[in-house]
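Here is a short report on a structure for someone meeting it for the first time. Please have the sequence and the 3D view open while you read.

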Amino acid sequence: MAMVHENRRGISRRELLKRGTIGAALIISGRAVISPRDAWGLETTALKPETTATLIVLARDIYPHDQLADRFYAIAVKGQDAKAAEDPAHRTLIEDGIADLDRRAGSGGYRGLGWEDDRVAILRDIETTPFFQAVRGDLVVSLYNQKEIWPIFGYEGESYSKGGYIDRGFNDIQWL
Amino acid sequence: MAAPYDLNDDSVVVIIGSGAGGGTLGNELAQKGIDVVVLEAGSRIEYEDFINDEWESFAQLAWLDHRTTGGGWRVHKDFPNLPAWIVKAVGGTTTHWAGASLRFQEHEFKDLTTYGKIEGANLLDWPITLADLEPYYAKAEDKMGVTRTNGIEGLPGNNNFKVFKAGADKLGYKECNTGRMAINSAERDGRMGCQQTGFCFQGCKWGAKWSTLYTEIPKGEATGRLEVRPNSHVVKIEHDKAGKVTGVVYADTDGKLHEQKARIVCVAGNSIESPRLLLNSHSSMFPDGLANSSGQVGKNYMRHTTGSVYAVFEKPVHMYRGTTMAGIIRDEAIHDPSRGFVGGYELETLSLGLPFMAAFLDPGGWGRSFTSAMDNYPNMAGMWIVGEDMPQEQNAVKLHPELKDQYGMPIPDVSFTDHPNDIAMRNHAYQRGQALYEAVGAIRSFPTPPYPSTHNLGTNRMSEKASDGVVNKWGQTHDIRNLFISDGSQFTTGGAENPTLTIVTLAIRQADHIAGEMAAGTI
């Protein structure tokens, strides 16, 4: 799977309608999942692009943070495609797991369910499955270990190069 | 200058492991003019190369060899191949440890006498007392530069401590301060003072926290009597027909096997690898493993009754700024059975960075209950519970019946189930910790389950009688005179205190004993 890249050319509204939208903001084009609104695209190699698009929605449903853009979730699930490319068993696990979600969701598929609560209700039924565990277990690292999101959560990361916090507020609490 | 020793030199003391026990013992023996070879499974990573990043550091330092788990503990479900969060590198887990350095209490050497028989617990008194250890505790505290001893000032309190202390005051706790920490509050022993960087668990990049990596080991090497051989993973201890150990077989970086001869072998590989090595060294003379006539090798695995409490406040705390664990309440460490359990526990400040908080706050947790807690990360405060757990014979490190490591040796399986006393203690501590934070305005608080074990104890325990344990009061195995255990696996019981200070203390004392026996020609 290629890195998430900026989709500088953008896509016309007509093109977008022709290809059909997925979820609220993601569209599929060839082997890529594209977010026209935020101008990024994610190419897939082993997994179907529709599967990857659903994985992105699933990732947000598992760890919903409204302040995080979709691209962080897209980056977080990239590893699933890479692993699927190396390991056919993993590919089957993910494809079958997503197909199962779609089946449980009914005619519109998992991404077609508009309310998070409805999607989460399905996830509660499958949370002990190897599929869900594989996705969640990877995601808890691949999402929260992205240095770009740390400032959004107020985490300052590495501090040695700045001389620690001895002169930068290790004891600056005022409200007690 | 480090002294290289020949593989066939059978006059050396071989120490397996370079952490709190092995690193200290190696230096102590070298200082007495005894030739020592320390075999360390991991590589040598100097403190400048430590990484202020939780997962990267974990990949750099953690012991990640294949292990399995069993039993009722939640670690078995959440981290089935990671029973322990310990280190594979020169310096061992003293690179990762938090620095809390507390002496055992007098009664904690006499559990069976003090608590009486407890159903399901394999309690035993230590064959030594606090009085036996006091002079050695004093030496260890001086060596490690423990704050609030030897006239060393305490560390300043960080934000996490200030919240903790305010709550402690509200609850009426009397003994709350920034603790006895083997972290320099000012320059000492050629090492600088703490810069409040956080990342104590990732290895101190300033060298302000005591670790054998940059204290005991270079001091020992400077004598010309100590060689540390990194990337040397011991797979077997050899013995002769008389039943004395003669050397050890180890694998180098390329997996090539070598045998290092020895006059004495001291095992200090932490409470999972040490019993595993004894069990894997079985022979026709010792079919159940070395030093295992009691059948207690690998049994009575203890890991302290732990858990954490995190709480979210309206305003920022920034708990990750500054020393990770400089804050303690000792009021609950007493033995007071009216609380519904025997033994006691310490409450100690603790913080995790965002990546580890996600992994450990509620392992397996997901959905908005979990993520709304994470959204409040900067407003979180945290504490760790560390209490005495009950030794139980079925909690054990065993050899896996099928799975082998890269050298063809059976891997360890670590099985643990809480004793009812452990559960009662943890619930009490959760309740007190949550009450503490609520007293200073917490909006939500979280009783967080135990992490993979950092305090691994008891699997080669010390006993008066050879039938009750593996080693005598010197850490010398009951069965083999020139085979010693020099790590936390000798603990008869765990106490409520973080174990490193006691491991170092026992190593200093053991060095005196070994030197005396060598001089007398008895081993």
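A helix crossing is left-handed if the near helix is turned anticlockwise from the far one by less than a right angle, and right-handed if clockwise.

**Ground rules**

This is a predicted model, in which local features need pLDDT of at least 70, side-chain atom pairs count only at pLDDT 80 or more, and totals for chains, interfaces and linings use all residues. Residues are numbered from 1 along each chain as its sequence is written, while chains are lettered from A and ligands numbered from 1 in the order in which they are written.

**Two helices that cross in chain B**

The crossing of H1(B) and H12(B) is right-handed. Helices here are DSSP runs of H or I with at least four residues, strands are runs of E with at least two, and both are numbered from the N terminus. H1 spans residues 20-31 of chain B and H12 spans residues 500-520. They pack at an angle of about 35 degrees, and their axes are 8 Å apart. Axes are lines fitted to C-alpha atoms, for helices over the stretch in contact, and angles run from 0 to 180 degrees between N-to-C directions.

Which residues of H1(B) meet H12(B)? They are B:Ala20, B:Gly21, B:Thr24, B:Leu25, B:Glu28 and B:Leu29. Their counterparts in H12(B) include B:Thr500, B:Ile503, B:Val504 and B:Ala507. Contact means that two C-beta atoms, placed from the backbone, lie within 7 Å. The residues of this helix contact divide into ten nonpolar, four polar and one charged. Ala, Val, Leu, Ile, Met, Phe, Trp, Tyr, Cys and Pro count as nonpolar, Asp, Glu, Lys and Arg as charged, and the others, Gly among them, as polar.

**A covered strand**

Strand S10 of chain B runs over residues 305-312, and eight of its eight residues are buried. A residue is buried if 20 or more other C-beta atoms lie within 10 Å of its own, with C-beta atoms placed from the backbone. Both faces of S10(B) are covered. B:Thr305, B:Gly307, B:Val309 and B:Ala311 lie on one side. B:Thr306, B:Ser308, B:Tyr310 and B:Val312 lie on the other.

Two strands pair if DSSP finds at least two bridges between them. B:Thr306 has B:Val386 in S13(B) as its bridge partner. B:Ser308 stands opposite B:Thr448 in S16(B).

**A three-stranded sheet**

Chain B also holds an open antiparallel sheet of three strands, in the order S6-S7-S8. S6 (233-239) and S8 (257-261) of chain B stand at the edges with a single partner strand each, so one side of each has no neighbour in the sheet. The twist averages 25 degrees from one strand to the next.

S7(B), residues 245-251, is joined to S8(B) by five bridges. One bridge pairs B:Gly247 with B:Lys261 in S8(B).

**Chain A and its side of the interface**

Chain A has six helices and five strands. Of its 176 residues, 35% are buried. Among contacts in chain A with a separation of 6 or more, 61% come from residues 24 or more positions apart.

How many residues of chain A are in contact with chain B? There are 28, and they touch 34 residues of chain B. Helix H6 of chain A, residues 130-142, gives the largest share of the chain A side, three residues. That side divides into 17 nonpolar, eight polar and three charged residues.

Notes. Buried ≥ 20, exposed ≤ 12 C-beta atoms within 10 Å, placed from the backbone.
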